[in-house]
Each structure stands twice: as structure tokens, then as C-alpha cells.
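Try each task before you read its solution.

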Amino acid sequence: MHRLCPINAEKRLRIAIDGPAGAGKSTVAAEVARILNYTYLDTGAMYRAMAVLALDKEIPLDDFQALGKMASSVTIKAREDNGVFRVWIDGEEFTHRLRGPKADGAVKILAMAKPVREILVPIQRGLADCGGVVMEGRDITSVVIPHAEVKVFLTASLEERALRRWRELGNKGITAEFGEVLSEMEARDAKDLERDWGKLVKVDDAVLIDSTNMSVAQVCRSIIDLCEARHCCFTNSPDGFLA
Ligand code: CDP
């Protein structure tokens, strides 16, 4: 009987995942990468690092040219380390500064800056080049790696996404009104959908996964099934099936 090979051993796929805030992209991408022994790449973290740097340098966030100049004058290094995506700028680690209200507020605006996107997109492409990656963001399937072997648009209802974010804040000991979290999520969706460059779109050949009523394990399984279905090869090895 012919059986499926473990896909990571046979072909190092590029798995591209886009979706709105709170859809669970980071959790799912990191977990799929762990299961397949692939590298997890969080492009949002790179935009966040740029936003934090702009705040440090007191560059006005509406001065897109100045932001582009800033982005082109620094060395950006990023890599995954045990499921954590780490970012360094000019040798200084920014990883621990990427989350929080200041970074959240700044990155929404900075992500609209085309000159910054023009710097980050080629770096992201470079990271994905050798395959064996799970890359998540907003424009991965449309702009960064449109030829990725597996493309997913991961979403969930606005209420569910807001609930997840609200619980996440609670787990960090931050008390917030659910209504406020929901409005903030709605505002972020609008920004992601409306910007001129790198906006969030579902490309035709991306598979839609609505995670509203799905567990993390179920979403990961669906993505791995997609990888197997599209890029399987056959073997008679008894160890062939992916665990
Ligand atoms: O995790 P969360 O959805 O809150 O944010 P994120 O994925 O870390 O993204 C941070 C910001 O960067 C958001 O405002 C995204 O719209 C933006 N972003 C982007 O413009 N392009 C990407 N490829 C990834 C993120």
C-alpha cells in the first residue's frame, strides 16, 4: 500500500497565512511550524519593530518618507527561536518591546507607509526563499509570496476575535471593557482593509478557514491536511504518515 510521506521531509513548502487581527494567525502559524519542523515567520513583528524605532527616534508617524528613510538606514535581523519570532535592529533586540498600547497605536499608522513596506517586503521574501516556512501577516498571499505552495486566509467573526483579544489581555492582568476591545478591533479591520498598500485581501487561490468555532488544533490540522492534499508524494514506508 502506498502511503503519504511526511511533507517536511519531502518538500519544504512555503505556507502563507493572512487574516485580520485576532484570527489566531500567530498561534496557529507557530504551532504548524512546530509540528512540521518548519520556521515560523511573523511579519507583523517586523512592522511593529519599525514602529517602536520610529517612536524612539521621534519620527512623525505621518511622515512616510522619513519612515522609509529610517527603515532603509538600519539593519534588520529576524529569526524564530523556539516558537518566538525575534527581531533586532542594528544589533539591538526589540522583541520584548513589540506588544503594548504604544506599539499597537503606532504600527497601525506605520503599516500604511509604502516606503517602509518597500523595505520590509524584500526582506520577508528573502526569509521565505528557502522554503520550510510558515509566514503570517496581511499581504503574504497577495504580495510577499504570491507563489507560496499553500495559501490560507484565516478569519473568525468580529465578536469571537474581540473575545479572544479580551481574554488575552485578561490573562496578562490587563482589565479592559469588552466593548472597547471590540471597537478597537473594528477600527483595526478598517485600517487593514482600507490602506492603499499591502491591504488585507483574500486572494482567489487562498483557502478560507473560519476559525470562529474551531480549536487551535483543528485549524492546524486543516492547514496540514491542505499541505498533504496539495503536495503529497507516495511511499510504502510504514512511517510515512504525518503524525
Ligand atoms: O497580532 P496582531 O494582529 O494584533 O498584529 P500583527 O499581526 O502583529 O500586525 C501588526 C500591524 O502590522 C497591523 O496593523 C497590521 O496591519 C500590520 N501588518 C502589515 O501591514 N503587513 C503585514 N504583513 C503584517 C502586519
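**Exercise 1: the ligand and its surroundings**

An oxygen atom of the ligand lies 3.2 Å from an N or O atom in the side chain of R99, which makes a polar contact (a pair of N or O atoms within 3.5 Å). This is a predicted model, where local features need pLDDT of at least 70, side-chain atom pairs count only at pLDDT 80 or more, and totals for chains, interfaces and linings use all residues. Residues are numbered from 1 along each chain as its sequence is written, and side-chain values use heavy atoms, without hydrogens and water.

Task: find which side chains have an N or O atom 2.7 Å from an oxygen atom of the ligand and 3.0 Å from a nitrogen atom of the ligand, then describe the shell.

Solution: 
1. The shell has 17 residues, each with a heavy atom within 4 Å of the ligand.
2. By class, the shell has 5 nonpolar, 3 polar and 9 charged residues; Asp, Glu, Lys and Arg count as charged, Ala, Val, Leu, Ile, Met, Phe, Trp, Tyr, Cys and Pro as nonpolar, and the others, Gly among them, as polar.

**Exercise 2: two hairpins**

Task: which residue takes a positive phi in the hairpin of strand 4 and strand 5, and which in the hairpin of strand 5 and strand 6?

Solution: 
1. Strands here are DSSP runs of E with at least two residues, and two strands pair if DSSP finds at least two bridges between them.
2. Strand 4 (residues 76-81) and strand 5 (residues 84-89) pair antiparallel over 6 bridges, and N82 has a positive phi near 50 degrees.
3. Strand 5 also pairs antiparallel with strand 6 (residues 92-93), over 2 bridges, and D90 has a positive phi near 45 degrees.

Notes:
Polar contact = N/O pair within 3.5 Å; in protein donor to acceptor, adjacent residues only side chain to side chain. Helix = DSSP H or I, 4+ residues; strand = E, 2+ residues; numbered from the N terminus.
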